[in-house]
Amino acid sequence: MDDELHERIRAVISDVPAGTVSTYGDIAALSGAPSPRMVGRVLAEDGHDLPWQRILRANGTPAPHLAHEQLARLRAEGVLADGQRVNLREYRWRPEGLEDKEPEGLF
DNA sequence: GCCTTGACGCGGC
DNA sequence: CGCCGCGCCAAGG
């Protein structure tokens with residue numbers, strides 16, 4: 001796998017501010033990953049030192065096996081979940097300068 | 001080089 | 001809500 005891309009994915013994730021969340025799809029788009037799966041792969045292998053709790057699935061639900069821990073961490077930084085689901089429209093992170101990273105309107 | 005596995009996504013029913 | 005299928009792509013067997 002391309003180390004360059006690997007680092008870019010990590011960089012984008014670490015840019016997500018506390019109190020906000022993002023999705024695998026967004027991270028993939030912003031980092032240039034070919035597929036959202038790559039984001040999950042990077043987190044699974046090399047995400048221990050990243051704010052992984054801020055990355056949710058497209059529908060606002062967290063990763064199944066870590067759901068409990070993830071939601072607890074988010075709650076601790078002010079992100080409240082409605083059961084298993086976080087309201088993305090309220091907490092989703094909006095990148096600062098997305099003109100230079102993003103192809104076009106993704107929102 | 002084929003097959004299986006995932007921290008995934010999306011449209012259909 | 002839930003279940004299903006299909007697309008996606010790198011890693012490991």
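This is a predicted model: local features need pLDDT of at least 70, side-chain atom pairs count only at pLDDT 80 or more; totals for chains, interfaces and linings use all residues.
Residues are numbered from 1 along each chain as its sequence is written, chains are lettered from A and ligands numbered from 1 in the order in which they are written, and side-chain values use heavy atoms, with hydrogens and water left out.

**Figure 1. Overview of chain A.**
Chain A holds 5 helices and 4 strands. Helices (H or I, at least four residues) and strands (E, at least two) are DSSP runs, numbered from the N terminus. Along the sequence, the pattern reads α-β-α-α-β-α-β-β-α. Of the 107 residues, 42% count as buried. Buried means under 20% relative accessible area, exposed over 50%, and partly exposed in between (1.4 Å probe, protein chains only). Among contacts between residues at least 6 apart in sequence, 61% join residues at least 24 apart. Contact means heavy atoms within 4.5 Å.

**Figure 2. The crossing of α1 and α3.**
The axes of α1 (residues 3-15) and α3 (residues 36-46) come within 10 Å and cross at roughly 85°. Axes are lines fitted to C-alpha atoms, for helices over the stretch in contact, with angles from 0 to 180 degrees between N-to-C directions. The two helices, α1 and α3, are therefore roughly perpendicular to each other. Angles under 35 degrees count as roughly parallel, over 145 as roughly antiparallel, 65 to 115 as roughly perpendicular and the rest as oblique. From α1, the residues H6, I9, R10 and I13 meet M38, V39, V42, L43 and D46 of α3. By class, this contact has 6 nonpolar, 1 polar and 2 charged residues. Ala, Val, Leu, Ile, Met, Phe, Trp, Tyr, Cys and Pro count as nonpolar, Asp, Glu, Lys and Arg as charged, and the others, Gly among them, as polar.

**Figure 3. The crossing of α2 and α3.**
Here the axes of α2 and α3 come within 8 Å and cross at roughly 100°. Helices α2 and α3 are therefore roughly perpendicular to each other. Y24, G25, I27 and A28 in α2 meet P36, V39, G40 and L43 in α3. The contact of α2 with α3 has 6 nonpolar, 2 polar and no charged residues.

**Figure 4. The two sides of α3.**
M38, V39, V42 and L43 are the buried residues of α3. They cover an arc of only 135° around the axis, which puts them on the same side of α3. The arc is that of the directions from the helix axis to the C-beta atoms. R37, A44 and E45 are exposed on the other side of α3. The buried residues of α3 pack against α1, α2 (24-31) and β2 (55-56).

**Figure 5. I13, I27 and the nonpolar cores.**
A nonpolar core is a set of buried Ala, Val, Leu, Ile, Met, Phe, Trp, Tyr and Cys residues joined through side-chain atoms within 4.5 Å. The largest core has 19 residues, of which I9, I13, I27, V39, L43 and I55 touch the most other members. Helices α1, α2 and α3 are the elements that give two or more residues to this core. A second, separate core of 8 residues includes L56, L74, V79 and Y91. I13 lies in helix α1. I13 is buried, with a relative accessible area of 0%. Not counting residues up to four places away in sequence, I13 touches I27, V39, L43, L50, P51 and I55. I13 and I27 are 14 residues apart in sequence and 6.8 Å apart in space, C-alpha to C-alpha. Leaving aside neighbours within four places in sequence, I27 is in contact with I9, V12, I13, V16, S22, V39 and I55.

**Figure 6. The two sides of α4.**
A67, Q70, L71 and L74 are buried in α4. They cover an arc of only 95° around the axis, which puts them on the same side of α4. H68 and A76 are exposed on the other side of α4. The buried residues of α4 pack against β2, β3 (81-82) and β4 (85-86). G78 follows α4 and has a positive phi, near 95°.

**Figure 7. G60 in its loop.**
G60 lies in the loop between β2 and α4 (67-76). G60 is buried, with a relative accessible area of 0%. Not counting residues up to four places away in sequence, G60 touches Q84, R85, V86 and L88. The C-alpha atoms of G60 and D82 are separated by 9.8 Å, and the two residues are 22 apart along the chain.
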